[in-house]
Amino acid sequence: MVSTTILRFVSSCWRPVVDGESIKRVGDASTGRVDGLLWYKDFGRHVNGEFSMAVIQANNLLEDQSQLESGPLSSVESGPRGTFVGVYDGHGGPEAARFVNERLFENIKTFLTTDEEFLGLVKSQWLNKPQIASVGACCLVGVVCSGLLYIANAGDSRVVLGRIEKTTKQQEEVKAVQLSSEHNASMESVREELRQLHPDDPQIVVPKHNVWRVKGIIQVSRSLGDAYLKRAEFNREPLLAKFRLSQSFEKPILLAEPTIEVHKLTPEDQFLIFASDGLWEHLTNQEAVDIVHNSHRNGVARKLLKAALQEAAKKREMRYSDLEKIDRGVRRHFHDDITIIVLFLDSNTISRSTSRNPRVSIRGGGVPSWV
């Protein structure tokens, strides 16, 4: 079971805080700054290096959520230290992403357990708030500990590594290496997986408006939430008609099970870019890596974000300054919510996991209540 796998790779690095203890948030590391629809934390230190974060809102309510937790990863101060990064890209509303942001790390839960808990919330609110059944979140998690990077991904967020490689002329370049596997129906491998999982359903993945979609509705094949495509009891009235299927189903159409990757970090590994798909819609992996490599670390996430927004404006044949004036809601017609976390890696501390930097706990975009 993947739930056991996640617990096993995480338990080697941390254990949950025991009853009676509390996580201390240090200084202003738990806060960022707000400028209109932009939230950012230009610079901070994690136990294995430095980081930069930025979030831009496009939807009426911010559907992206994110977090960075770094420091002692056990209740014993002398235990291993590491860094946890989570990017939770919501769709249909903010509830699922907020729920995951509050529960996944703090309770040391697996994707599947957190998903079951959210479906329980859906059941309790179903009659009064049926739209919550159509709310979901793509979840990307990375844990850096003891010289290893553990990745769990469900959906189409992405983590890209910037790695030094020697060219044929013995010069050094920083190459982009995508480390995460994605679950989007635009990919032939994902469509084939869906067909194998649902061999009796010829409509499991179909093109709609020139875009491949699961059941003609949603692009991602794995997520947390989206109860209407996991339990038939939620795929009926009073759910909106556009989400209801013509035929009932017995097995879940979408999965919450993530793809797990483990990467051994080397001195050539310079930095990691964790981001929701809103960034990758406008920048290639190598373009993003080049921007980070050629920029000052302080504020680099904001610089990446600006580059993506400039590209979004260019695609619509408008000026970036005009795009900045567009308010949330209407802004969604030009780009998605975008979350970026750039994690720089210090090879001198990455394998030891004994840095004395203080604990850091920060939530991208602030810490709104999920209810």
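Strand pairing, a buried histidine and aromatic contacts

Strand E8 (residues 158-166) pairs with strand E9 (residues 172-178) in the antiparallel sense, and the pairing runs over seven bridges. This description, like the rest of the text, refers to a predicted model. Within the pairing, Arg163 has Lys175 of E9 as its bridge partner. The hairpin formed by E8 and E9 has five residues between the strands, and Gln170 there takes a positive phi near 65 degrees.

The relative accessible area of His46 is 0%, under the 20% limit, so His46 is buried. Two polar neighbours of the His46 side chain can be named. The side chain of Thr83 makes a polar contact with the side chain of His46 at 3.1 Å. The backbone oxygen of Glu50 lies 3.3 Å from a polar atom of the His46 side chain.

The aromatic residues come next. Five aromatic pairs are present in the structure. One of them joins Phe99 and Phe118, whose ring centres are 5.4 Å apart; their planes stand at 65 degrees, and an angle over 60 counts as edge-to-face, so this pair is edge-to-face. Phe99 belongs to helix H2 (residues 95-103) and Phe118 to helix H3 (residues 111-125), so the pair links distant parts of the chain, with 19 residues from one to the other. Both Phe99 and Phe118 are buried.

Tyr228 and Phe243 make another pair, with ring centres 5.3 Å apart; because their planes are at 70 degrees, this pair is also edge-to-face. Tyr228 and Phe243 both lie in the loop between strand E12 (224-225) and strand E13 (259-264), so their contact ties together parts of the chain that are 15 residues apart in sequence. Tyr228 has a relative accessibility of 2% and therefore counts as buried. Phe243, at 15% relative accessibility, counts as buried too.

Arg302 lies over the face of Tyr40, at 4.0 Å from the ring centre. In another such arrangement, Arg191 is placed over the face of Trp212, at 4.4 Å from the centre of the ring.

Technical notes. Residues are numbered from 1 along each chain as its sequence is written. This is a predicted model: local features need pLDDT of at least 70, side-chain atom pairs count only at pLDDT 80 or more; totals for chains, interfaces and linings use all residues. Side-chain values use heavy atoms; hydrogens and water are left out. Buried means under 20% relative accessible area, exposed over 50%, partly exposed in between (1.4 Å probe, protein chains only). A polar contact is a pair of N or O atoms within 3.5 Å; within protein, one must be able to donate a hydrogen and the other to accept it, and residues adjacent in sequence count only if both atoms are side-chain atoms. Rings of Phe, Tyr and Trp (its six-membered ring) pair if their centres lie within 6.5 Å; planes under 30 degrees apart count as stacked, over 60 as edge-to-face and the rest as tilted. Helices (H or I, at least four residues) and strands (E, at least two) are DSSP runs, numbered from the N terminus. A charge sits over a ring if NZ of Lys or CZ of Arg is within 6 Å of the ring centre and within 35 degrees of the ring normal. Two strands pair if DSSP finds at least two bridges between them.
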